[in-house]
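Please look at the sequence and the model that follow before reading on.

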Amino acid sequence: MPYMIISTEMRMDTGPTCVGDYMSDPKLMAYLEADLNQDPVRPKSCYCTKLLPRQVLNLLEVKGWKVVSSTGIGQTCVWTLHQA
């Protein structure tokens with residue numbers, strides 16, 4: 001089953017929003033205007049977009065993704081989505 005996790009740190013009204021890991025679908029990441037961040041400290045990089053979380057969730061809904069859960073972890077807000 002296809003799942004996705006998106007997250008944002010601190011303020012949700014300014015972004016950036018992390019939308020995928022290094023194994024994510026490049027076409028979907030381009031649709032979300034996300035770039036692969038190459039972090040020299042972490043060998044596994046992630047895709048981030050300057051879009052707000054609300055904008056990302058709206059775009060993903062158009063593509064058939066639905067939020068199945070959300071939570072706050074410290075200063076991070078996380079959403080889990082599923083595509084039917």
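In which sense do strand 1 and strand 6 pair, and over how many bridges? They pair in the antiparallel sense, over seven bridges, where two strands count as paired if DSSP finds at least two bridges between them.

## Basis of the report

This is a predicted model, in which local features need pLDDT of at least 70 and side-chain atom pairs count only at pLDDT 80 or more, while totals for chains, interfaces and linings use all residues. Residues are numbered from 1 along each chain as its sequence is written, and side-chain values use heavy atoms, with hydrogens and water left out.

## The chain as a whole

The protein chain has two helices and six strands, and these follow one another along the sequence in the pattern β-β-α-β-β-α-β-β. Helices (H or I, at least four residues) and strands (E, at least two) are DSSP runs, numbered from the N terminus.

Of the 84 residues of the protein chain, 35% count as buried; buried means under 20% relative accessible area, exposed means over 50%, and partly exposed lies in between, using a 1.4 Å probe and protein chains only. The protein chain exposes about 5,700 Å², of which carbon and sulfur atoms supply 56%, and accessible areas come from the Shrake-Rupley method with a 1.4 Å probe, where for residues only the protein chains shown count as cover. Among the contacts in the protein chain with a separation of 6 or more, 52% come from residues 24 or more positions apart, a contact being heavy atoms within 4.5 Å.

## Strands 1, 5 and 6

Strand 6 (76-83) is mostly covered, since six of its eight residues are buried.

Strand 5 and strand 6 form a hairpin with two residues between them, and glycine 74 in the turn has a positive phi of about 60°.

## Strands 2, 3 and 4

Strand 2 and strand 4 run antiparallel and are joined by four bridges, with threonine 17 having threonine 49 as its bridge partner in strand 4. Strand 4 also pairs with strand 3 in the antiparallel sense, again over four bridges, and leucine 36 stands opposite tyrosine 47 in strand 4.

Glycine 20 is found in strand 2 and is buried, with a relative accessible area of 15%. Not counting residues up to four places away in sequence, glycine 20 touches Ile5, Met29, Cys46 and Tyr47. Glycine 20 and cysteine 48 are 28 residues apart in sequence, and their C-alpha atoms are 7.3 Å apart in space.

## Helix 2 and its two sides

Which residues of helix 2 are buried? In this helix, which spans residues 53-62, they are Pro53, Val56, Leu57 and Leu60. They cover an arc of only 95° around the axis, which puts them on the same side of helix 2; the arc is that of the directions from the helix axis to the C-beta atoms. An α-helix has 3.6 residues a turn, so residues three or four places apart point the same way.

The buried residues of helix 2 pack against helix 1 (26-31) and against several strands, including strand 1 (3-9) and strand 5 (65-73). On the other side of helix 2, Arg54 and Val62 are exposed. Helix 2 is followed by glycine 64, whose phi is positive, near 95°.

## Loops and a charge over a ring

Proline 16 lies in the loop between strand 1 and strand 2 and is partly exposed, with a relative accessible area of 49%. Leaving aside neighbours within four places in sequence, proline 16 is in contact with Ser7, Thr8 and Thr49. Glutamate 33, in the loop between helix 1 and strand 3 (34-37), has a positive phi of about 60° although it is not a glycine, and at 53% relative accessibility glutamate 33 counts as exposed.

Lysine 63 lies over the face of tyrosine 31, at 4.5 Å from the ring centre. A charge sits over a ring if NZ of Lys or CZ of Arg is within 6 Å of the ring centre and within 35 degrees of the ring normal.
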